[in-house]
Amino acid sequence: MTSKPAPETGRPIVFRGGTVLTMDDARTVLPDADVLVVGTDVAAVGPHLEVPEGTVEVDASGGIVMPGMIDTHRHLWQTAMRGYGADWTLTQYFVWNYLSYGKLFRPQDIYAGNLVGALEAIDAGVTTTVDWSHNLQTTDHAEAAVDAMQATPGRFVLAYGNIQAGPWEWSTRPELADFVNRRIPRDEMFGFQLAFDVTGDPAFPEKAAYEAARELGAKVTTHAGVWGATNDDGIRLAYENGFMTEGNIYVHAATLSTDSYQRIAGTGGFASVAAESESSCGQGYPSSWSIRKHGIPISLSNDTSVWWSGDGFSAMRATLNADRAREHHEAHATGDTVTNISLRCEDVVGWATRGGADALGLGSVVGSLEPGRRADVVLIRNEDSPVMFPLLNPYGHVVMQAQRGDVQAVLVNGKVAKWDHKLVGVDLGAARAAVGETVEYLRGQLGEEEWVKGMNPEIPESKVLDNPYTYTDYASADTHKSKE
């Protein structure tokens, strides 16, 4: 496949001789097997397949063929500020985006962030992304968000939100329903959700937003169990008012009680775990360890590139590491030792693929490589990398070894989106220019001093305590001597 141009649209493609992670119900792994794609579908999976005349043959030997990954919660618009908030706390993130400078984003800035964010997802083998788009201050902003996603070859769900107004305000405006009817096809390639949070206010003002979601036929995705922001009261209010319905997604779900977890499980809800985010900015300890004990189905999230990476490999790795660390920590607290780990790499790959598909109601469409499923296919293979051999444990290799540079090919709905390690049909120059214009605009609006300050928050002063286990004089000893 090296140095060969991408095949023209419509030609069948067969990946030959790879290790295939089917992610079927049995999580079947097929060594030295083929995956045949015809049209939009996976036509066959197995060894030595017969293929139609004119099929493009791809050497997948030494590589892994797997379903496209699925991200159920990513703020694509913030990708225009990639890495800017790397040293933020969650509070600083809220202040910058909610109270201060998020208000400055114009529709073209939403477009720029969504465009580059959507492209980086595809580049890393994430074929379906939920755009948790919570800065849609006007429907013009929403139009821009959709335009950007539809300019890229992925599957998307627009989770419509607006942090600059209460959800009971923006969700009930007639222009929202008009926008949805005009722009959202709500098919296998482009879905729709409402994105808002429930603060736990006893008056439950979010009821109007839930009712709007019902009228629009949309599921709700909400940041639940976020330390200091959303809590068990929000879950209770939604439950008592009959709004915790099947298919709603609870993002983070990191600081909830057993009652809340049971309510999510009992009403058919899904969790979206963003372990990089939860580890770094304090929503609560990464939640998969708690969630899986209650039988809540899990999907994965990259959250936002304003802080973290935008690839499923990092999401899987962070989730596995945090979950296992918690398991060891809990055992150590009781004087015990974990001798057999409970969460396996194949479980996390499942969350990154089938888990996301099920959460989005696409479980019969994508998330596995089986005949009749849509051909969202990722080939992990890199002949120029020493990390790609030996390939002994394929699930472990995907989670612990692989990265976006090893993604050689990506198909979405049977169409080539990445080929020979390069995105296909994409004008990266135009994307770079759009993001550059947004950065220049925002930097000018903030001013250089505020721009630098926002990226480099102050470190609080800390007192260094004296260490009595040193054989040198220290302050308290000197003070003691002076009193004698």
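Here are legends for a few close-ups of this predicted model.

Local features need pLDDT of at least 70 and side-chain atom pairs pLDDT 80 or more, while totals for chains, interfaces and linings use all residues. Residues are numbered from 1 along each chain as its sequence is written, and side-chain values use heavy atoms, leaving out hydrogens and water.

**View A. Helices H14 and H15 cross at roughly 105°.**
H14 (residues 428–446) and H15 (residues 448–455) have axes that come within 6 Å, so the two are roughly perpendicular (65 to 115 degrees). Touching here (heavy atoms within 4.5 Å) are Val 439, Leu 442, Arg 443 and Leu 446 from H14, plus Glu 448, Glu 450 and Trp 451 from H15. By class, that's 4 nonpolar, no polar and 3 charged residues.

**View B. Phe 204 and Phe 243 make a tilted aromatic pair.**
The model has 20 aromatic pairs (ring centres within 6.5 Å, using the six-membered ring for Trp). Phe 204 sits in the loop between strand S9 and helix H6, Phe 243 in the loop between helix H7 and strand S11, 39 residues apart.

**View C. Ring pairs build a cluster.**
Its members include Tyr 84, Trp 88, Trp 307, Trp 308 and Trp 451.

**View D. Arg 106 lies over the face of Tyr 441.**
The distance to the ring centre is 3.6 Å; the cut-offs for Arg are CZ within 6 Å of the centre and within 35 degrees of the ring normal. Arg 326 lies over Tyr 285 at 5.2 Å.

Conventions. Axes are lines fitted to C-alpha atoms, for helices over the stretch in contact, and angles run from 0 to 180 degrees between N-to-C directions. Helices (H or I, at least four residues) and strands (E, at least two) are DSSP runs, numbered from the N terminus. Angles under 35 degrees count as roughly parallel, over 145 as roughly antiparallel, 65 to 115 as roughly perpendicular and the rest as oblique. Ala, Val, Leu, Ile, Met, Phe, Trp, Tyr, Cys and Pro count as nonpolar, Asp, Glu, Lys and Arg as charged, and the others, Gly among them, as polar. Rings of Phe, Tyr and Trp (its six-membered ring) pair if their centres lie within 6.5 Å; planes under 30 degrees apart count as stacked, over 60 as edge-to-face and the rest as tilted.
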